[in-house]
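Hi,

Here is the structure I promised to pass on. Have a look first, and my notes follow below.

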Amino acid sequence: MSVSLPPVNILPHSYPFVMIDKIVELEKGQRIVCIKNVTINENYFTGHFEENPSMPEILIIEAMAQASGLIVNNNKRTLVYLAGIRDASFKRPVVPGDQIFIRSSIIQALPPLYVFGVTAHVRDEVVSEAQITLNII
Amino acid sequence: MTDSIQKLKNLLITRLKLKVDADQITEDTQLFGPEGLGLDSIDVLELVVGIKKEFGVEISDRQTAEKVFTSVGSINKYIEENR
């Protein structure tokens with residue numbers, strides 16, 4: 001299934017904390033591919049860092065978590081909490097102008113807890129990987 | 001049998017970063033509560049992922065999980081029966 005709507009209406013998050021711009025592919029209950037366009041007007045670039053703006057790595061994790069939550073989300077507003085981050089790595093900085101492709105798939109489901117394997121690419125290069133656990137209630 | 005319980009003990013210690021020696025864990029060691037290993041539900045999920053990777057044994061519903069995750073011996077038994 002291909003979906004191109006902004007996920008703003010199905011994520012419980014709202015501005016300025018929506019870290020996903022577009023859903024490219026979605027197989028409910030299995031996997032997702034999302035895009036986050038990193039623009040210079042993101043408010044965190046003012047202080048991170050003034051001379052050399054880069055996306056805070058913790059927000060890349062947040063984007064990965066939001067993308068993962070969408071795999072399980074059933075178009076109803078659920079509460080999703082980040083329950084664990086494991087084996088997270090950040091290969092290189094993400095800077096304004098980058099388009100992040102986030103790919104997430106379910107490794108294990110034991111509701112309400114779900115484990116996801118997630119990667120983030122910019123121009124076919126891995127910028128970040130993590131195993132993320134979400135508590136979805 | 002001994003081989004798999006040793007592997008399971010190592011999995012418990014390394015994956016959950018438990019601060020106990022393998023010798024202190026027996027088949028009767030309980031997973032939950034202060035008398036046991038004091039695991040929580042997120043630890044259990046980590047363990048489910050670890051058991052799938054290490055032993056190729058899947059535990060995919062909560063009922064099975066509740067039955068399997070009581071003691072170290074009960075996990076070992078389930079692995080032995082399903083691998």
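Which residue is the bridge partner of Ala109(A) in β5(A)? The partner is Tyr114(A). Please keep in mind that this is a predicted model. The pairing that holds these two residues is an antiparallel one between strand β4 (residues 99–110) of chain A and β5(A), and it covers ten bridges.

**The sheet in chain A**

Stepping back, chain A has six strands and one helix, and from the N terminus on the elements follow the order β-β-α-β-β-β-β. The six strands form an open sheet with antiparallel pairing, in the order β1-β2-β4-β5-β6-β3 (chain A). At the edges sit β1 and β3 (80–90) of chain A, each of which pairs on one side only. From one strand to the next, the twist averages 20 degrees. As a reminder, strands of a sheet pair through backbone hydrogen bonds, in either a parallel or an antiparallel way.

**What packs on it**

Helix α1 (residues 57–72) of chain A lies across β1, β2 (31–37), β3, β4, β5 and β6 (125–136) of chain A. Its direction is at about 55 degrees to β6(A). Chain B contributes as well: helix α2 (residues 41–55) of chain B packs on the sheet and touches β3, β4, β5 and β6 of chain A. The angle between the directions of α2(B) and β4(A) is about 95 degrees.

**A helix in chain B**

**Overall figures for chain A**

The radius of gyration of chain A is 14 Å, close to the 14 Å that the globule rule gives for 137 residues, so chain A is as compact as a globular protein of that length. The C-alpha trace spans about 45 × 30 × 25 Å along its principal axes, and 30% of the 137 residues count as buried. Of the contacts between residues at least 6 apart in sequence, 63% join residues at least 24 apart.

On confidence, chain A averages a pLDDT of 91, and 91% of the residues score at least 70. Strand β5 (residues 113–122) of chain A has the highest mean, at 97, and strand β1 (residues 22–27) of chain A the lowest, at 93.

Best wishes

How values were computed: Residues are numbered from 1 along each chain as its sequence is written. Chains are lettered from A and ligands numbered from 1 in the order in which they are written. This is a predicted model: local features need pLDDT of at least 70, side-chain atom pairs count only at pLDDT 80 or more; totals for chains, interfaces and linings use all residues. Helices (H or I, at least four residues) and strands (E, at least two) are DSSP runs, numbered from the N terminus. The radius of gyration is taken over C-alpha atoms; the globule rule is 2.2 Å times the number of residues to the power 0.38. A residue is buried if 20 or more other C-beta atoms lie within 10 Å of its own, exposed if 12 or fewer, and partly exposed in between; C-beta atoms are placed from the backbone. Two residues are in contact if their C-beta atoms, placed from the backbone, lie within 7 Å. pLDDT is the predictor's confidence in each residue, from 0 to 100. Two strands pair if DSSP finds at least two bridges between them. Axes are lines fitted to C-alpha atoms, for helices over the stretch in contact, and angles run from 0 to 180 degrees between N-to-C directions.
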